[in-house]
Amino acid sequence: MLIVKRNKRFGTILLVLMLAVVFLPVKVFAEPWDPYAQYLPSETPIVHRHLRGVWISTVINLDWPSTDTRNLVDEGERIEKSKEELIAMLDRAVEMNMNAVFFQVSPEGDALYKSNIVPWSRYLTGTFGKDPGFDPLAFAIEEAHKRNLELHAWLNPYRVSMNINPDTIKSLNIEKSVFKENRQWVKTSMDRFVVDPGIPEAREWVIRRVMEVVNNYDVDGIHFDDYFYYEKFVGELKDQDTFKQYNKGQFSNIGDWRRNNTYLLVKELSHKIWETKSWVKFGISPAGVWGNKKDGHIDGSNTSAGLPNYDRCFADTKKWVEEELLDYIAPQVYFSFGNTRAPYGEIATWWADVCREKNVHLYMGQALYKVNEDSDAYFKGDNAVLEFARQMRMNMLQPEIMGSILFRFKNLNNENKQQVVNAIKADYWSEKALVPIMPWKGGQAPEIPTAGNLEVLYGGVRLSWEDEDQNTAYYTIYQIDKEEGAALDLSNLKLLDTLRKKEGAAQEYFALQRPYSDDTLYLIKAVDRLHHESQGLIIGEKQLEEEAVEE
């Protein structure tokens, strides 16, 4: 009898609770992006500072140089065509109002630069170790800087080859190849040869490769992708012997030991870059998800990703941000807002929370390559245009997101992606923007330019000024009207153009496509290589003063 009464009481309580749940106000979202409405305006905002970049892949000649150019027999023709292709890519980046490129210079234990440590890349000539007859990285830096683009040298730290077939093995047996000179470091994973990250000497080899680039080239940044531990399944690398040899009882399990190996690489490299050239940025582009909350990571994201950094790549990218070992992190959030396993909004918000109040910029890696080539309906046709509109606008308005990087360059020219590319050019990136400042990197605004002059030409104007500050790297040029100039209200100006500084004090800019009006003034600011702007020099002010005198 007592049991019956208790069951009835329990049933009554359960019924009350169910009714309460039914009638509680529940916020229902019609679309998967509705929770992020505050970052999704109907029109694209204009931002003064926002990194806009693209990855240029050289591995298996994905972007540069083309296989046709690589295979040219005549060396002079091959060099000329290679340079022409790279210049065209940089011009396209400028046309898209980008301000940075991420150029792959070491895709598999090789070099697209003059190296004393590793051999020339096979992707330059078709032959591993063959001198291409010019220095691609030096050329890329020179041409990128002419166009006022930052150039980040992108290296893959551990990959040695893209396959393990007999011809590849034969090609790897050459001078400076890690496969030949340190064969004991090399293992097989994902049907590729890779260097075992658990070997301390191998880690030092990676650091020496990077620092060779930092010391010898005027790069703006060093960039790693997401290939640390890279396996079909955990344990494929067969590094148990490495664990036994080098762990020395420090870690109770191989997973924590692996994560410490990638941590040590990042930490040691971060310090060396800072000590050598404090202005060189260090960034990494990991897979989008650090860890799934459902897998026991209480600080993880509400996702069901199959390849989270923490568990599969053994890269604690969250820790790297928290300890500010990086200057930027660019997670590859190659998913739509409507992706049920890893929604863009959830991942972007999670990373924004991690980076908040840290001296680490957050740039979002975006999947241009998926447009019209993915099963996700949000990346197809008109839906893709809307999806990129949402992603780009969130990247601009979410305060912790400081920029976007597109994967990858060749997709800018793919016919089936032009609807999205044109929307990026005409809308999301229709106005130029400066690279965001990293205050912790140092630098300072140059002195204000002097001796401004405006000369009216047929169909345009010639602006000239002087600048003797050696700290100046380039100039920002703004166009304003006289009323704005008189009020000195320069806070909401649109950036007209940027111009690299020429040698000597005398500088000039031609605005041939913008006919001069008596109501037009120009504002010139000097900018250092870390993007600090000086006070502005108004050119055309004499006309403004004359008008005031007449009144």
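Select helix 3 (residues 75–95) together with helix 5 (residues 136–146) in this predicted model. The two helices pack at an angle of about 35°, and their axes lie 10 Å apart. Viewed along the contact, helix 3 passes helix 5 in a right-handed crossing.

Next, display the side chains at this contact. From helix 3, show Lys 83, Leu 86, Ile 87 and Leu 90; they meet Pro 136, Phe 139, Ala 140, Glu 143 and Ala 144 of helix 5. By class, the residues of this contact comprise 7 nonpolar and 2 charged, with no polar ones.

Move on to helix 8, residues 200–216. A distance between its end C-alpha atoms gives 24 Å, which agrees with the 24 Å that its 17 residues should span at 1.5 Å a residue. Now colour the buried positions of helix 8: Ala 202, Arg 203, Trp 205, Val 206, Ile 207, Arg 209, Val 210, Met 211, Glu 212, Val 213 and Val 214.

Finally, select Cys 313 and Cys 355. Cys 313 is buried, with a relative accessible area of 9%; Cys 355 is also buried, at 4%. Draw a distance between their sulfur atoms: the sulfur of Cys 313 is 18 Å from that of Cys 355, the closest cysteine sulfur, and is therefore too far for a bond. A disulfide would require the two sulfur atoms to be within 2.5 Å. Cys 355 is likewise in no disulfide, its nearest cysteine sulfur being that of Cys 313. Across the whole structure, a search finds 0 disulfides.

Technical notes. Residues are numbered from 1 along each chain as its sequence is written. This is a predicted model: local features need pLDDT of at least 70, side-chain atom pairs count only at pLDDT 80 or more; totals for chains, interfaces and linings use all residues. Side-chain values use heavy atoms; hydrogens and water are left out. Buried means under 20% relative accessible area, exposed over 50%, partly exposed in between (1.4 Å probe, protein chains only). Helices (H or I, at least four residues) and strands (E, at least two) are DSSP runs, numbered from the N terminus. The expected span of a helix is 1.5 Å times one less than its number of residues. Axes are lines fitted to C-alpha atoms, for helices over the stretch in contact, and angles run from 0 to 180 degrees between N-to-C directions. A crossing is left-handed if the near helix is turned anticlockwise from the far one by less than a right angle, and right-handed if clockwise. Contact means heavy atoms within 4.5 Å. Ala, Val, Leu, Ile, Met, Phe, Trp, Tyr, Cys and Pro count as nonpolar, Asp, Glu, Lys and Arg as charged, and the others, Gly among them, as polar.
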